[in-house]
Amino acid sequence: MHTQHNTLLSTAARYISLNVMGMLGLSCYILADTYFISAALGAPGLTALNLVLPLYGLLNGLALMLGMGGATRFAIAQGRAQPDHARAAFTHTLILALIVGGLATLVAPLSGVILPLLGADAGIAPLGIAYLGALFPFSCAFMLNNVLVCFMRNAGHPRLAMAAMLVGSLSNILLDYLFLFPLGWGMAGAAAATGLAPCLGILTLAPVCLGKKSPLRLCRPHLTAGKIKHLLSPGLPSLVNEASVALVMALFNSIILGLAGNPGVAAYGIVANLALVATAMLTGVAQGIQPLISRAYGAGDCAAILQARRIAMVTALIFGALFTALAQVFPTQLAGLFNAGQDAALGTLATQGLRIYFTAYPFMGFNVILAAYWASTGRGTRAFWFSLGRSFILVAALSLLLSALLGMPGVWLTVPCAEALFALAGLFYMKSRKPSKPGTFPPPLQNRQ
């Protein structure tokens, strides 16, 4: 038993560390966009970027729903020694990714209609239109890259999944600099750099995916509505998390425009982009532990499931406490990285926002892992409602209430309050369920290809 514990601990450490590094690299290219756009275009560029980020978040959420949902079914099928079901999960997920990516490209020609709806004025809208027009033609690449990374991780290649994420991220940072400064392509250049990153990630994964020994093999597709629902349900929490961030950003932008104007939106852009890095690292912990929990669930190993959950919880709580501490000690320095024009109002608002907003992260770490644990053990509906409640429903209600009562500090307090309340609810639920007893886990799911 002690040997099994050490083996799981070392495997979990490897999967978590590789995925956290990959997600850190992924989020760094979002920061690179923010930094280079700030340096090249100033506060108007930052405002435009923050207004279009909800659409990018929605695109990323759809990709993660497909990748995490299909890859979870793949891992469970592998745990049950059902290779045909695993191949079907991979094939059907790829088809859905191409369909969704093709539909998402329609956003580019509609960007002139969408931007004013997101709150862009006449001075900001052209910058946002240029960004969306260059980004969304790469929608299929975003979908395929996310799907392949998730499946590669679940196929036992976490190192290669990390490498693909880092290749895309580092290339994006280099292309950001090239397109924005020597070439002077502005917002379209920043978007093109972001769009090319997943293309390079796909090229990194392709040799292994296409190899004769790869478990990621295609089969004759036979998609039905029931199979699509079965595939996507474990990925719904990932979609909810990303889509909720996108919707909350749009809501916050609207509220902040009324409270503090464009400088407030730019300040929220700084807070939101730094928050994306912290959230991405917590997501990396959840994605790293998911293959281990799903395979253990498929094999019926309840002890391994609970142990993996415990490891992930402790790791996420440590990360959350670290993020909170950094925002308390270095808020001015962090805000200053993205305030090239030394705008005093922008710096003050962003510093205040970082100090308050980042108190959410210890609670958020617990919540992210709990939702991932439920999704990885076949309880996608429970994970879906938990994620929707904590990341959108309660946040939307609290943002309207707290901003009316407290102004900008109320906006920054919204997410910490929502995360803390749901962490308490989740902890109470876990204690009441006593998961060490037999019968806690749901029975094996009906097999579908």
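**Salt bridges.** I searched the whole structure and found one salt bridge (a side-chain nitrogen of Lys or Arg within 4 Å of a carboxyl oxygen of Asp or Glu). The partners are R390 and E419, whose side chains meet at 2.8 Å, N to O. R390 sits in helix α14 and E419 in helix α15 (residues 408–433), so the pair ties together parts that are 29 residues apart in sequence. I checked burial too: R390 and E419 are both buried (under 20% relative accessible area; exposed is over 50%, partly exposed in between, with a 1.4 Å probe and protein chains only).

**Ground rules.** I am working from a predicted model, where local features need pLDDT of at least 70, side-chain atom pairs count only at pLDDT 80 or more, and totals for chains, interfaces and linings use all residues. Residues are numbered from 1 along each chain as its sequence is written, and side-chain values use heavy atoms, leaving out hydrogens and water. Helices are DSSP runs (H or I, at least four residues), numbered from the N terminus.

**R153.** Beyond its neighbours within four places in sequence, I find R153 in contact with Y15, N19, M68, P158, A161, M165, Q287 and P291 (contact means heavy atoms within 4.5 Å).

**α9 with α14.** Next I looked at helix α9 (residues 236–299) against helix α14 (residues 380–406): their axes are 9 Å apart and the angle is about 5°. Axes are lines fitted to C-alpha atoms, for helices over the stretch in contact, and angles run from 0 to 180 degrees between N-to-C directions. α9 and α14 are therefore roughly parallel (under 35 degrees; over 145 is roughly antiparallel, 65 to 115 roughly perpendicular, the rest oblique). I count 16 nonpolar, seven polar and one charged residues in this contact (Ala, Val, Leu, Ile, Met, Phe, Trp, Tyr, Cys and Pro are nonpolar, Asp, Glu, Lys and Arg charged, the others, Gly among them, polar).

**α9 with α10.** How do α9 and helix α10 (residues 302–329) pack, and at what angle? I read about 175°, with the axes 9 Å apart, which makes α9 roughly antiparallel to α10. Among the contact residues are M281 and I289 of α9 and F319 and F323 of α10. The classes here are 15 nonpolar, two polar and one charged.

Note on methods: Helices (H or I, at least four residues) and strands (E, at least two) are DSSP runs, numbered from the N terminus.
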